[in-house]
Amino acid sequence: MNSYSIALIPGDGIGRDVTAAAWTVLETAAKRAGFALTGTEFPWSCKFFKETGRMMPEYGIETLRGFDAILLGAVGWPAEVPDSVSLHGLLLPIRKAFVQYANIRPHRLLPGVTGPLRAENFDILCIRENTEGEYSGAGGRVHQGTLDEVAVETSIFTRAGVERILRFGFEQARSRRGKLASVTKSNAQKYSMVFWDEITRKLAADYPDVEVTSYHVDALAARMIMAPESLDVVVASNLFGDILTDIGAAIQGGLGYAASANINPGRSAPSMFEPVHGSAPDIAHLGIANPIAAIWSGAMMLDHLGEKAAADRVVKAVEAATARGIGTIPGKDRTEAITAAIVASLT
Ligand code: IPM
Ligand code: MN
């Protein structure tokens, strides 16, 4: 029997509820499909930071390295730990250390979910560069606290980093509807973004079957709202991808439905699966968080582990539940009720 070891990092706030929900669904799916999932939970979070002064122990990354995959809930509790500290102490270092350079985020309406747009038939896969660009963390502050203070934060785009994410985008487009939107702002940013456009053009020669269009990020943001059906795969830098995928979440009905996978395509280290949403302190502990984004992220994890049939069954179960109106009205169904309905729909 195939068996997979999963590191569970529920994190903060609603991250805890949605990770528990996803785990319930995934364990049921595994049992039905005849493979085993063993979960090891790590309490790394802002609470852990308050107790230990760190978001994860010194050897946290090395501890995680031995797992087949990581399932993460949400990180952040800004009332107690600044987001810039909590995210740079846990989520962002994992993405970088494990070379999870492709952040994959599907944006489509689940059956029964009403989005804010008239358009209903869009199916967009956003591929966000996840290890460099605007999130490189290169920079500093000098003359801190004085009138002469200077803050510098430099985006870093490497040829290897840009090539690999664009290739990943081309491959995804090839396996879907054959259309790739490559996103930059090369009319204003004349070094890094022109570089990205050049590499897009160069790689296009290797993928004659893919129709690639370069867009400026402002125009692409508008297109996601005005003509989302015209898009298939979208590939963008770290920050642009971050912003565009919140638009993606919005047009698919909200963050409760936005799943994501931080993938290491070379499989040299574990990949990490997490909903796009945060810890939502305002609704934490109310038991009303929508677990669908986390459950869908869990399905992406099963797919990555090679259990595609089980992954498909989880997505089908989510769709069967939402088609009956479960989890489609914010705050109406409790987390546990949505989870139970999805488990009951699993074939
Ligand atoms: C996301 C989040 C993170 C990001 C934050 C929490 C650092 O917004 O996964 O989209 O910007 O990557
Ligand atoms: Mn984001």
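I started with V152, which is partly exposed at 45% relative accessible area (the label covers values between buried, under 20%, and exposed, over 50%, with a 1.4 Å probe and protein chains only). This is a predicted model, where local features need pLDDT of at least 70, side-chain atom pairs count only at pLDDT 80 or more, and totals for chains, interfaces and linings use all residues. Residues are numbered from 1 along each chain as its sequence is written, chains are lettered from A and ligands numbered from 1 in the order written, and side-chain values use heavy atoms, leaving out hydrogens and water.

I placed V152 in strand β7, residues 150-156 (strands are DSSP runs of E, at least two residues, and helices are runs of H or I, at least four, numbered from the N terminus).

Next I looked up ligand 1. Which residues surround ligand 1? I noted L87, R95, R105, R128, Y135 and D242 (near means a heavy atom within 4 Å). I sorted this shell into two nonpolar, no polar and four charged residues (Ala, Val, Leu, Ile, Met, Phe, Trp, Tyr, Cys and Pro count as nonpolar, Asp, Glu, Lys and Arg as charged, the others, Gly among them, as polar).

Then I checked the arginines. A polar side-chain atom of R95 sits 2.7 Å from an oxygen atom of ligand 1, and I found 2.7 Å for R128 too. For R105, a side-chain N or O atom is 2.8 Å from a ligand 1 oxygen.

Last, I looked at T19 in helix α1, residues 14-33. T19 counts as buried, because its relative accessibility is 5%. I also saw that T19 and P291 are 272 residues apart in sequence, yet 7.8 Å apart in space, C-alpha to C-alpha.

Notes:
A polar contact is a pair of N or O atoms within 3.5 Å; within protein, one must be able to donate a hydrogen and the other to accept it, and residues adjacent in sequence count only if both atoms are side-chain atoms.
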